[in-house]
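Biologist: I am new to this structure, and I would like to learn how its features should be read. Could you take me through them step by step?

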Amino acid sequence: MTATATERGYTPVRTEHTIVDLSVTGTVPEYLDGRYVRIGPNPIDGFDPETDHLFTGDGMVHGVRLRDGRAEWYRNRWVRTASVSRALGERPRAGRAHAGMEFAVNTNVLGHAGRTLALVEGGTRPYELTDELETVGACDFDGTLPGGYTAHPHRDPDTGELHAVSYFFGWGNRVQYSVLTASGRIRRIVDVEVGGSPMMHDFALTDRHVILFDLPVTFDPRLATRGMPRWLARPGRSLLSRMVGRTPIPEPVVARAAWLGSRYTSRLGVPYSWNPDYPARVGVLPRDAGSGGVRWFEIAPCFVFHQLNAYEDGDVIVVDVIRHPKMFAGGAVAGEGVAVLERWRIDPASGTVAQDVVDDRPQEFPRADERLVGRRHRYGYSVGADTGAGRELLLDVDPDVLFKHDLATGATDVHRFGPGRAAGEFVFVPASDDADEDEGVLMGYVHDLATGRSDLALIDAQTLETVGLVHLTVRVPSGFHGNWIPAAS
């Protein structure tokens, strides 16, 4: 390993802070009125880079409130799942995560229907937070969400609805497509049959279709029972294999098995692995179709954590993705090989998918203008990542590189934050509702490895010049996804 978790910023912070009247170098544009919130793993009992999994630590949300050209506050709070509440000596919040399970809620945070929602995948419900990032409790959207949810819903810019594709190993060979209304209630659920029990971290949305990634990272009962006593591991594997093998199992049995497993495996990693025998394919489901309406297209084996955006080009569907050659192969935390930006063109007439490299430099966390979800986009943004295998790909994120891809011309511009400064995901915030596609700022946390402190960086999306730096007096650990939540949301 060429870098330690400490050097790359994954060591958890131990204290919750509320810091007001933050200092700023440069300016905070007057049109920014809201909160930038981002979440990531922050194990409450510490992190051992040699044994602990980067994806599974307790979630902590970090937020900055911007208004009237000022940075009013920074807050960081653990999401109070039951285990976190117990560790802090607090009474657990209301609501059940789902089916007796409790995964660390640590993957994404966004605003919808007046709620701030912390998200994770794999069978757990969202957790609702206050505007000040305190935990309200597990959220089932007023009783309309029957099971778990996804970490990556996508909002239709015309209707304001959130579309989601969720997965859970207890569902066997199906995933669930759902639509959450702008007022915050589930109005539509479609069960979609897939090849087994895949990890489906993300999906893509066009104005007419849902694009599914059924790829060869699948639930592995051996990993799910690792760490259990021998007397429990064998029947546990048998039960979990039946779930994946499409044998219906009553919900209380699934709940009990998940609860027992979580006691022994909570820090051993995600129970999914690379499956070379599992066919890789992309599904196209019309948004108004039933469960039998999906059409599948085979592709070369790979894995996709994140897509940038998708749209219809006549009868062809265009999807821009970050493609990993493999993922979780040989027990690796991250992938094997280089994660690159590709454009996939799905042609229903020929039944083929053309996969073309757009930029072959290692990168991840792609984002586009959210006003164009499902519509033709020109620009996309991502952060650089070093090549490597196993932990190195995550720990050696090339942190000072921010890419701006012009998908119309093929050009890519680069912003560098400087040596020893680690940048996470950056999101685009338009200057106004009718601003041009790149008229606004890119926003994200940057950690200074030398000082142990972080900034919220505001970068002009047109020029990639620094507009402002909001200085925090603390460190924001490396993490996952965040979003800008306008004050009106």
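Predicted model: local features only at pLDDT ≥ 70, side-chain atom pairs only at ≥ 80, totals over all residues.

Biologist: How many helices and strands does the protein chain have?

Modeller: Helices (H or I, at least four residues) and strands (E, at least two) are DSSP runs numbered from the N terminus, and the protein chain has five helices and 35 strands. Buried means under 20% relative accessible area, exposed over 50%, and partly exposed in between, with a 1.4 Å probe and protein chains only; buried residues make up 61% of the 489 residues in the chain.

Biologist: How should I read a salt bridge, and how many does the structure hold?

Modeller: Side chains of opposite charge can pair when their charged atoms come close. A salt bridge is a side-chain nitrogen of Lys or Arg within 4 Å of a carboxyl oxygen of Asp or Glu, and the structure holds 28 of them. One of these joins the side chains of Glu 16 and Arg 80, at 2.5 Å from N to O. Glu 16 lies in the segment before strand S1 (18-22) and Arg 80 in the loop between strand S5 (70-78) and helix H1 (82-87), so this pair ties together parts that are 64 residues apart in sequence. Glu 16 is partly exposed, with a relative accessible area of 26%, whereas Arg 80 is buried, at 6%.

Biologist: Which residue forms a salt bridge with Asp 214?

Modeller: The partner is Arg 281, and the closest N and O atoms are 2.8 Å apart. Since Asp 214 lies in strand S15 (residues 209-214) and Arg 281 in strand S18 (residues 281-286), the pair ties together parts 67 residues apart in sequence. Asp 214 is buried, with a relative accessible area of 0%. Salt bridges can also be linked in a network, as with Asp 156, Asp 158, Arg 287 and Arg 375.

Biologist: Where is Asp 202 found, and what is it in contact with?

Modeller: Asp 202 is found in the loop between strand S13 (186-193) and strand S14 (204-205). Asp 202 is buried yet has no salt bridge, and the nearest side chain of opposite charge, Arg 367, is 8.6 Å away; here Lys and Arg count as positive and Asp and Glu as negative, while His and the chain ends are not counted. A polar atom of the Asp 202 side chain does lie 3.1 Å from the backbone nitrogen of Gln 307. Contact means heavy atoms within 4.5 Å, and, leaving aside neighbours within four places in sequence, Asp 202 is in contact with residues including His 152, His 154 and Phe 213.

Biologist: Is Glu 342 buried or exposed?

Modeller: Glu 342, in strand S24 (residues 340-347), is buried, with a relative accessible area of 7%. Leaving aside its neighbours within four places in sequence, Glu 342 is in contact with several residues, among them Val 319, Asp 320 and Arg 323.

Biologist: Which residues lie nearest the centre of the second largest pocket?

Modeller: A pocket, on a 1 Å grid over the protein atoms alone, is an open set of points where a 1.4 Å probe fits, with protein on both sides within 12 Å along at least five of seven lines, and lining residues have an atom within 4 Å of a point. The second largest pocket is lined by 47 residues, of which Arg 155, Glu 370, Arg 371, Asn 483 and Trp 484 lie nearest its centre.

Methods
Residues numbered from 1 in each chain as written. Heavy atoms only, no water. Polar contact = N/O pair within 3.5 Å; in protein donor to acceptor, adjacent residues only side chain to side chain.
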